[in-house]
Amino acid sequence: MDTLVKINYLDLALSVYDDFKAHELVEESITYTILIKGLCKEGKFEEMFGLLGKMRDNLCKPDVFAYTAMIKVLVSEGNFDACCRVWEEMRKDMVEPDVMAYVTLIMGLCKGGEVERGYELFREMKEKGILIDRAIYGVLVDGFVGKGKVGKACELLKDLMDSGYRADLGMYNSIIGGLCSMKHVYKAYKLFKVTVQDVLVLNFATVNSMLVCYVKMGRMDDFRKLLEHMKKFKFSVVDDLEKFF
C-alpha cells in the first residue's frame, strides 16, 4: 500500500486494503496513516477525516509522527485550511505537538501567505518554552514583510537577537527591502550598517532596494555614497550596476 500511494495509485492501494479487510486482518496505526496520506494527496479530505475517525474507533489514534506526516502532505498540496483542521484533530486527541510538527505547519502557513496563523503558533511555542529554530524566525520575517508589516518583522528580529541567535543575511535583506518599499530608507541604511557590523558576507540584494529608493527619491548623492560604501566591501560595482539597470 505504501508503494502504491507513493506512486499515486491510491485506488489500487484502497483495493489492497479491501483485500486486507476481507482476510480479517487487523489494521495497525501505520496502515491507516499510509491511506490517510494518500487521501490527503488526492484532496479527498472528507474520506481522510472519516478514516481518522475510524482509527479512533479501533483504539489506534494517530501519534504525533502520523499527524505531522498528514500536515506535511497537506502543506505540499497548499491546503492550509485542512492543515489547521488536522491540527485541531490532534488537539482533540490530546496529542502534544513536537518541534517538527510546529516547524512543518508554521513554515507551510507562512509560505502560503498565512503568516498571522503561523505567528499564533510561534507564540504558542514560546509560551511552552519550546526551542525555536532560526528558520522559523526567518520565514515569519519574510511573511510579515510580504504583508507590508515591516514593524512586526523588526520586532521578530529583535526577539531573535534577544534569544541569543545571530540573524542571517536573508532576514536583513528582507527587512531592508521592506523598509525601502515604505520609503524608510534612513532606517534601512541604519539596518544595513548593523549588517556590516555583524561581519556578514553581503550581496547585491542587500543594497539593491536602497539604490532603487535613492533614485526614486532623487537622492543621487546618497546613491553615490552607497556605491562608494560598496567598493569598501569589495563589491564589483560595475558588474552589480548591470544588475541594477
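# Helices, rings and loops in a predicted model

Tyr119, Phe122 and Lys126 in helix 8 meet Lys152, Leu156 and Asp159 in helix 10. Here, contact means heavy atoms within 4.5 Å. Helices are DSSP runs of H or I with at least four residues, numbered from the N terminus. This is a predicted model, so local features need pLDDT of at least 70, side-chain atom pairs count only at pLDDT 80 or more, and totals for chains, interfaces and linings use all residues. Residues are numbered from 1 along each chain as its sequence is written, and side-chain values use heavy atoms, with hydrogens and water left out.

Stay with the two helices. The axes of helix 8 and helix 10 (residues 150-162) come within 14 Å and cross at roughly 25°. That makes helix 8 roughly parallel to helix 10. The words have cut-offs: angles under 35 degrees are roughly parallel, over 145 roughly antiparallel, 65 to 115 roughly perpendicular, and the rest oblique. An axis is a line fitted to C-alpha atoms, for helices over the stretch in contact, and angles run from 0 to 180 degrees between N-to-C directions. Helix 8 passes helix 10 in a left-handed crossing. Left-handed means that the near helix is turned anticlockwise from the far one by less than a right angle; clockwise would be right-handed.

Next, the aromatic rings. A pair of aromatic rings is described by the distance of the centres and the angle of the planes. Rings of Phe, Tyr and Trp (its six-membered ring) pair if their centres lie within 6.5 Å; planes under 30 degrees apart count as stacked, over 60 as edge-to-face and the rest as tilted. How many aromatic pairs does this rule give? The count comes to six. One of them joins tyrosine 119 and phenylalanine 144, edge-to-face, with 5.6 Å from centre to centre and 80° between the planes. This pair links distant parts of the chain: tyrosine 119 sits in helix 8, phenylalanine 144 in helix 9 (residues 134-146), and they are 25 residues apart. Are these two residues buried or exposed? Tyrosine 119 counts as buried because its relative accessibility is 18%. Phenylalanine 144 is buried too, with a relative accessible area of 3%. Buried means under 20% relative accessible area, exposed over 50%, and partly exposed in between (1.4 Å probe, protein chains only).

Phenylalanine 122 and tyrosine 137 form another edge-to-face pair, at 5.3 Å centre to centre and 75° between the planes. Phenylalanine 122 lies in helix 8 and tyrosine 137 in helix 9, so the pair ties together parts that are 15 residues apart in sequence. Phenylalanine 122 is buried at 2% relative accessibility. Tyrosine 137 is buried at 1%. Ring pairs link Tyr119, Phe122, Tyr137, Phe144 and Tyr165 into a cluster.

Helix 8 (residues 115-128) also holds glutamate 124. This glutamate 124 counts as buried because its relative accessibility is 16%. What does glutamate 124 contact, leaving aside its neighbours within four places in sequence? The answer is Trp87, Arg91 and Tyr102.

Now look at the loop between helix 6 and helix 7, where aspartate 93 is placed. Aspartate 93 is buried, at 7% relative accessibility. Leaving aside neighbours within four places in sequence, aspartate 93 is in contact with Arg56, Lys61, Pro62 and Tyr67. Methionine 94 is in the loop between helix 6 (80-92) and helix 7 (99-111). Methionine 94 is exposed, with a relative accessible area of 73%. Its phi is positive, about 55°, although methionine 94 is not a glycine.

Lysine 183 also has a positive phi, near 65°, and is a residue other than glycine. Lysine 183 is in the loop between helix 11 (169-181) and helix 12 (185-197). With a relative accessible area of 58%, lysine 183 is exposed.

Finally, turn to helix 13 (residues 204-216) and helix 14 (residues 220-232). Their axes come within 8 Å and cross at roughly 165°. Helix 13 and helix 14 are therefore roughly antiparallel to each other. Helix 13 passes helix 14 in a left-handed crossing. Among the residues that meet are Phe204, Val207 and Met210 in helix 13, and Met220, Asp222 and Phe223 in helix 14. Leucine 227 is found in helix 14. At 13% relative accessibility, this leucine 227 is buried.
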